[in-house]
Amino acid sequence: MAKAEEKVSFTQRLKQIGMVFKFTAKQDKWFTPLVAAAILLPLAFTVVAVLLGWGWIWIPLGVLTALLAVLIVLNLRSNTAMMNMMEGQPGAAGQLVEQMRGDWRVKQAVSATTQFDVVHMVIGRPGVILIAEGNPARVKPLLGEQKRRLSKVIGDAPLYDYIIGNEEGQVSIRKLRMTLMRLPRNLSGKEVNGLDRALTALTARPQMPKGQLPKEFRPPRMPRGGGRMR
């Protein structure tokens, strides 16, 4: 199902903006100087306009311009700071797609290894998208396995796959959002719902990570003598 939009009160919105301000200022050393410039330049122009006798109307215009400039700086620099923090973090690509606007249905870590290599599955209007994070030599077999499984279920629906990284043939996490948004809209909403139901059933049984299991996840040994466990 499509993600439901939650109503946010004005107070909650202000708290969210404050948290974004703190986060961005901590991650980006240029954020505070740019915010100061975004405030001071419009206000300085407003003062000059009033002193030259252009009218008091420039005061509210100057304040609104300063607020708009601050929001623009906040949007641009917070996105950059978030990308810097997410780059190289396991599972970051899946989280990024979940935060995208639109009908993107993310099933995180449908396949994984014990070295934190993961493959996420996304269902949307373009079709089915596999997004792999981790070592390319390890995620390519995971992608191949998922393609074979999905080919039996998705029919004629388009299937895309991407490996997150900065090497040739890979997609940087900074460009992932734009890459997905540029994909053609091949499916209708009804077709997306049908795919979602079919693939939810396919992925209902979790797959064990590839590699040696930790001791706490290993099955208990059978008792000697071949007796049944009770």
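**Stop 1: the main core**

Select V97, I129, I131, L176 and L180: among the 20 residues of the largest nonpolar core, these touch the most other members. A nonpolar core here is a set of buried Ala, Val, Leu, Ile, Met, Phe, Trp, Tyr and Cys residues joined through side-chain atoms within 4.5 Å. Buried means under 20% relative accessible area, exposed means over 50%, and partly exposed lies in between, with a 1.4 Å probe and protein chains only. The elements giving two or more residues to this core are α3 (58-86), α4 (92-98), β3, β4 and α6 (173-181). Element names follow DSSP runs, numbered from the N terminus: helices are H or I with at least four residues, strands are E with at least two.

Before going on, a word on what you are looking at: this is a predicted model, where local features need pLDDT of at least 70 and side-chain atom pairs count only at pLDDT 80 or more, while totals for chains, interfaces and linings use all residues. Residues are numbered from 1 along each chain as its sequence is written, and side-chain values use heavy atoms, with hydrogens and water left out.

**Stop 2: I129 and its neighbours**

Which residues does I129 touch? Leaving aside anything up to four places away in sequence, show W104, H120, M121, V122, Y160, Y162, L180 and L183. Contact means heavy atoms within 4.5 Å. Now hop to the second, separate core: it has 18 residues, including I154, A157, L187 and L199. As background, nonpolar side chains tend to be buried together in soluble globular proteins.

**Stop 3: the sheet**

Next, show the strands. They make an open sheet of 4 strands in the order β1-β2-β3-β4, with mixed pairing. β1 (105-112) and β4 (159-163) are the edge strands, and each has a single partner, so one side of each lacks a neighbour in the sheet. Two strands pair if DSSP finds at least two bridges between them. On average, neighbouring strands are turned by 20° against each other, direction ignored. Axes are lines fitted to C-alpha atoms, for helices over the stretch in contact, and angles run from 0 to 180 degrees between N-to-C directions.

Zoom in on β2 (residues 118-124) and β3 (residues 127-133), which pair antiparallel over 7 bridges. Together they form a hairpin with 2 residues between them; pick G124 and you will find its bridge partner in β3, G127.

Helix α5 (residues 136-151) packs on this sheet and touches β1, β2, β3 and β4, its direction making about 160° with that of β3.

**Stop 4: across to β4**

Is β3 mostly covered or mostly open? Mostly covered: 7 of its 7 residues are buried. β3 and β4 run parallel, joined by 5 bridges. Follow the chain from β3 through α5 to β4 and you trace a right-handed β-α-β crossover. Right-handed means that, with the strands pointing away from the viewer, the path from the first strand over the helix to the second runs clockwise.

**Stop 5**

A109 sits in strand β1 and has a phi near 50°, positive in a residue other than glycine. A109 counts as partly exposed because its relative accessibility is 40%. F116, in the loop between β1 and β2, has a phi near 70°, again positive in a residue other than glycine. F116 is exposed, with a relative accessible area of 61%.

**Last stop: zoom out**

The protein comes to 7 helices and 4 strands, in the pattern α-α-α-α-β-β-β-α-β-α-α along the sequence. Of its 230 residues, 31% are buried.
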